[in-house]
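The sequence and the model come first, followed by notes on selected residues and on the protein overall.

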Amino acid sequence: MVYYHASPTADISVLEPRKPIYFSEKPSAVYLCTLRPMALLYGVQNFEYTYGYTRDGQIYFEEFWPGALKALYQGKSASLYICAPEETETTRIPNEYLSRKPVRILSQERIPDLYQALLEEAEKNTIRIFRHEELSSEVLSRIRKMVAREIREQRLWERPGAMAEYMRLHYPDSWEDAQK
C-alpha cells in the first residue's frame with residue numbers, strides 16, 4: 001500500500017508525530033492517506049477540508065462557498081511525500097491512517113500549484129469536484145446549518161482570530177444564524 005502525506009514544507013526526511021493545528025480533538029500522530037487526491041487536499045493548512053465520499057466510495061471536494069477550490073489552492077505549492085510507516089492505525093475517515101511513531105519519507109514530489117494538480121486529478125476521475133453554483137438548495141441549506149452549528153459550538157464571535165475571521169468572511173449567513 002502507498003501512503004501519502006502532503007505538506008507546504010519541502011524537503012522533509014522524517015515526519016514526526018504532531019497534534020494537528022486546527023483539529024485539537026485528534027491525537028498527536030503522523031497523518032497519512034492512501035489516495036493521492038486526498039493527500040493533495042491537505043497540501044494547505046486550513047480550518048476546514050470539505051471533502052467526502054459518494055455512496056460508491058469516490059472522493060469528492062465540495063465548494064462550501066463560491067470559488068473555494070481556487071481561492072484555497074491556486075498558486076499554493078506543496079510537497080507530496082510517499083512514506084514508509086512502520087505501523088499504522090485506521091481512523092474514522094476512509095483512506096486515512098495515523099502513525100504514532102516517526103515516519104520515514106521514501107520520495108518527494110513538488111507540486112507547484114495545488115489547484116492545477118487537483119484539476120488534473122478530476123480529469124483522471126480520481127476526485128470529483130462539486131462547484132458551489134452546482135449545489136442543490138438542500139445541500140446549501142445543510143452546509144449553512146452545519147457551519148452555523150460549528151460557529152455556535154465554538155462561540156467564534158467571542159474568540160477573535162484567524163478562524164473566526166475566515167468563518168465570518170466565507171459564511172456570513174451561517175455567522176448571523178449562529179448568533180441568534
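## A buried methionine

M38 is buried, with a relative accessible area of 0%; buried means under 20% relative accessible area, exposed means over 50%, and partly exposed lies in between, for a 1.4 Å probe and protein chains only. M38 belongs to helix α1, which spans residues 36-41. Helices (H or I, at least four residues) and strands (E, at least two) are DSSP runs, numbered from the N terminus.

Leaving aside residues up to four places away in sequence, M38 touches C33, Y51, Y53, I59, I93, P94, N95 and E96, where contact means heavy atoms within 4.5 Å.

## Source and numbering

This is a predicted model, in which local features need pLDDT of at least 70 and side-chain atom pairs count only at pLDDT 80 or more, while totals for chains, interfaces and linings use all residues. Residues are numbered from 1 along each chain as its sequence is written, and side-chain values use heavy atoms, with hydrogens and water left out.

## Cysteines

How many disulfides does the structure hold? The structure holds 0 disulfides, a disulfide being a pair of cysteine sulfur atoms within 2.5 Å. C33, one of the residues that M38 touches, is in no disulfide, and the nearest cysteine sulfur, that of C83, is 9.0 Å away. Seen from C83, the closest cysteine sulfur is the one in C33, and 9.0 Å is too far for a bond.

Are these cysteines buried or exposed? C33 is buried at a relative accessible area of 4%, and C83 is buried with a value of 4%.

## Positive phi angles

Most residues other than glycine have a negative phi. N95 is not a glycine, yet its phi is positive, at about 70°. N95 sits in the loop between β7 (89-90) and β8 (96-99). Its relative accessible area of 26% makes N95 partly exposed, and N95 is among the residues that M38 touches.

D11 also has a positive phi, near 60°, and is a residue other than glycine. The loop that holds D11 runs between β1 (3-7) and β2 (14-15). D11 counts as exposed, at 65% relative accessibility.

## A loop serine

S136 is found in the loop between β10 (128-130) and α4 (137-154). With 30% relative accessibility, S136 counts as partly exposed. S136 and R149 are 13 residues apart in sequence, and their C-alpha atoms are 20 Å apart in space.

## The protein overall

The secondary structure comes to 6 helices and 10 strands. The radius of gyration is 17 Å, close to the 16 Å that the globule rule gives for 180 residues, so the protein is as compact as a globular protein of that length. The radius is taken over C-alpha atoms, and the rule is 2.2 Å times the number of residues to the power 0.38. Along the principal axes, the C-alpha atoms fill a box of roughly 50 × 35 × 30 Å.

Of the 180 residues, 43% count as buried. Among contacts between residues at least 6 apart in sequence, 70% join residues at least 24 apart. The accessible surface comes to about 10200 Å², and 49% of this belongs to carbon and sulfur atoms.

Technical notes: Accessible areas come from the Shrake-Rupley method with a 1.4 Å probe; for residues, only the protein chains shown count as cover.
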